[in-house]
Amino acid sequence: MSQHTQTTLTGRFQGSDRGFGFFLPEGETQDLFIPPRQTMGAWDGDRVEAVSAGEDPRRPGSPTARVVTILERANPTVTGVVRKLDRGLWLEPDNRRLPGPIKLSGKARVKNGTRAAVAVSHYGSATTPALGSLERVFGPAEDLPSAVEAILYREGIERQFPQEVLTQAAQAPQSVPANALEGRLDLREETIITIDGASSKDLDDAISLKRAGEGWRLGVHIADVSAYVPAGSPLDTEALKRGTSVYFADQVVPMLPVELSNGICSLNQGVDRLTLSCLMTLDGHGAVKDYTIAPSVIRSTERMTYGDCNALLSGEDPALAERYRNILPMLRDMAGLAQVLEKARRRRGALDLESRESYILCDADGIPVDVVTRTPGVSEGLIESFMLIANETVAAHLGRAGLPGVYRIHEKPTAEKTEALRTMLSPLGIQLRQGDSFELQKVLDTVKDTPQAPAVSMMVLRSLMKARYAPEDLGHFGLGAKHYCHFTSPIRRYPDLMVHRVLHSQWERGGAKALAGACAQAADQSSRRELSAQSAERDIEKLYFARFMADHIGETFPALVSGVTRQGLFATLPSGVEGFLPLECLPGGRYQYDEDHLTLTGPGASYTFGSPLEVVCTLADPATGRIELSLAGAPAASAKAQPRQSRAKAHGGKPLGKGKPARKKGKPAMHVPRRRKG
């Protein structure tokens, strides 16, 4: 949008805690600065109309805008902390980008310092405050559980299922009756195994493998959840509403009640289970030459864990090898096929992004006692490869058969995103010539096994478009796949359940094309709920990280710069914990922020993505998730942050705590692994 034109554009308003904001036009990547008093009372996330307001006098060449119309409010409810001021109650919003405080109307009975949610009735003006009525109370603001519940509430994630859903789930059979096997492929005599995390209870995928000449016959067997969740039933309506299961720390908010997810739909060892099987014949290069997709029944031979499989494949445990001698040859063949499939994906342009993940270990009271990183092993890789090839095969089948579907699509990065990545990489001495996946992989390979690898991987990831669900098969850029859908996790993802329903309609000749509207609805709803789940998981993870770091205030850690702003640096520790290093904690002098290259340059020092640091944790507030850092040997964090530090101490934080807190006897550490299969 050129300066001085009065073209009205529609987009989103992004607020700040300093009165100004930014306008993000729909379909564009460049945001526009909105000065104070030009926001027209818009709140963070509101959909607005804006026009150009000339050039920012403080940043020559940077255009500004002003809001002219607020089209849609994004914050009908707001969570925060209730404060008593001037004999009235006010809500201080958790989201610092929202204006506040919000005055509570009516006779609200709630204590000062309580975390709560209010329904906004008036968004305020230049002369009147925003008003809201008390909607839900979560508990004391300083408690970690109340902060977690507030985030779930904000994202519309309900722990409890409606009674009619629970009633229907309770009526699900506990075993598979003989009449349910009619018309199904009977695979109960086949050697079929599950491989999952040791703590997993919802086992929705199983695998089998046989040699077939120079190639393989791979079976991917997925729990037939659709057999127990009829379309339009209370279970189905609630599953669509949720869209996905939500995983964080030691907890899960499931898409389906445990009677199904951990019971009749879980492919437990030694019992009959209804499945949908994708049986693929692959050649020596990993190409699918033939396939069969059919309703089936299986009886899992072994319930394997990733840890045991990795130990078996490494040959490090003879006793374990003897225990599983019946499946060890098949496991070795599986590892070999997984390597072939990975090489095939790389040849066609699939990206191999940094795959380390941080896991929060909690004691039995839900208190984080450690944060560890783990790189997936061979068994995790082979499961991922097998789920990917099954998803691709099913997606291609839907298109070939002219069936509707819910596809997982990932579009090519825009030219603007590619240019932004090129600019960010240049300070690291890395050249990006073009934005195709092969060139992006060259960048990743350049920094592989270097300290900068996690930061560069994150930069590449941020340059990509967000994957989403759609009723059209548009391919998957990151996987280099022409056809892709989600088929392999119907217990925890609604799109997979919808794909199963389409396949059943084809087999039963029940008019699969009539499901086109339901597929479109499922794609839209699932995309939105996935974003909410990701937002909740990310923000709750910050709370747990902060609670863990509250026991490590004053300790020194190596770190890498993972974000650069005008106000300071974000830095990530080896554990994956990220904290903020305010500008005033950098060596004295004036710093110049380069928005294009994302660098901060001052007297004798320049910081950009991947810059190594030695930092001290100076603040960790479990109530907000805020972690602040300072450079080792530099002044501590700003004085205005100190009240939050004292609040962190109230959570058990030790200002100069050394080492990890001792675990209580009988309180084992636990975690719920993030679900990444296919």
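User: Where is F609 found, and is F609 buried or exposed?

Analyst: This is a predicted model, in which local features need pLDDT of at least 70, side-chain atom pairs count only at pLDDT 80 or more, and totals for chains, interfaces and linings use all residues. Residues are numbered from 1 along each chain as its sequence is written, and side-chain values use heavy atoms, with hydrogens and water left out. Helices (H or I, at least four residues) and strands (E, at least two) are DSSP runs, numbered from the N terminus. Buried means under 20% relative accessible area, exposed means over 50%, and partly exposed lies in between, with a 1.4 Å probe and protein chains only. F609 sits in the loop between β29 (605-607) and β30 (612-621), and its relative accessible area of 3% makes F609 buried.

User: Which residues does F609 touch?

Analyst: Contact means heavy atoms within 4.5 Å. Not counting residues up to four places away in sequence, F609 touches M424, L428, A455, M459, R462, V561, S562, G563, V564 and L598.

User: M424 belongs to helix α9; which residues of α9 are buried, and what covers them?

Analyst: In helix α9 (residues 415-425), the buried residues are T418, L421, T423, M424 and L425, and their cover includes α10 and α11 (453-463).

User: How should I read the packing of α7 and α10?

Analyst: Axes are lines fitted to C-alpha atoms, for helices over the stretch in contact, and angles run from 0 to 180 degrees between N-to-C directions. Angles under 35 degrees count as roughly parallel, over 145 as roughly antiparallel, 65 to 115 as roughly perpendicular and the rest as oblique. Helix α7 (residues 328-348) and helix α10 (residues 437-447) have axes 9 Å apart and pack at an angle of about 120°, and α7 and α10 are therefore oblique to each other. On the α7 side the contact is made by R346, R347 and R348, and on the α10 side by F438, Q441 and D445. For the classes, Ala, Val, Leu, Ile, Met, Phe, Trp, Tyr, Cys and Pro count as nonpolar, Asp, Glu, Lys and Arg as charged, and the others, Gly among them, as polar; the contact of α7 with α10 divides into one nonpolar, one polar and four charged residues.

User: At what angle do α2 and α3 cross, and with which handedness?

Analyst: The axes of helix α2 (residues 163-170) and helix α3 (residues 234-242) come within 8 Å and cross at roughly 120°, and α2 and α3 are therefore oblique to each other. A crossing is left-handed if the near helix is turned anticlockwise from the far one by less than a right angle, and right-handed if clockwise; the crossing of α2 and α3 is left-handed. From α2, the residues E164, V165, Q168 and A169 meet P234, L235 and E238 of α3, and the residues of this contact divide into four nonpolar, one polar and two charged.

User: What are the accessibilities of R433 and E439?

Analyst: R433 forms a salt bridge with E439, the closest N and O atoms being 3.9 Å apart. R433 counts as exposed at 62% relative accessibility, whereas E439 counts as buried at 7%.

User: Which residues are linked in a network of salt bridges?

Analyst: The network links D186, R188, D272 and R299.

Notes. Salt bridge = Lys/Arg side-chain N within 4 Å of Asp/Glu carboxyl O.
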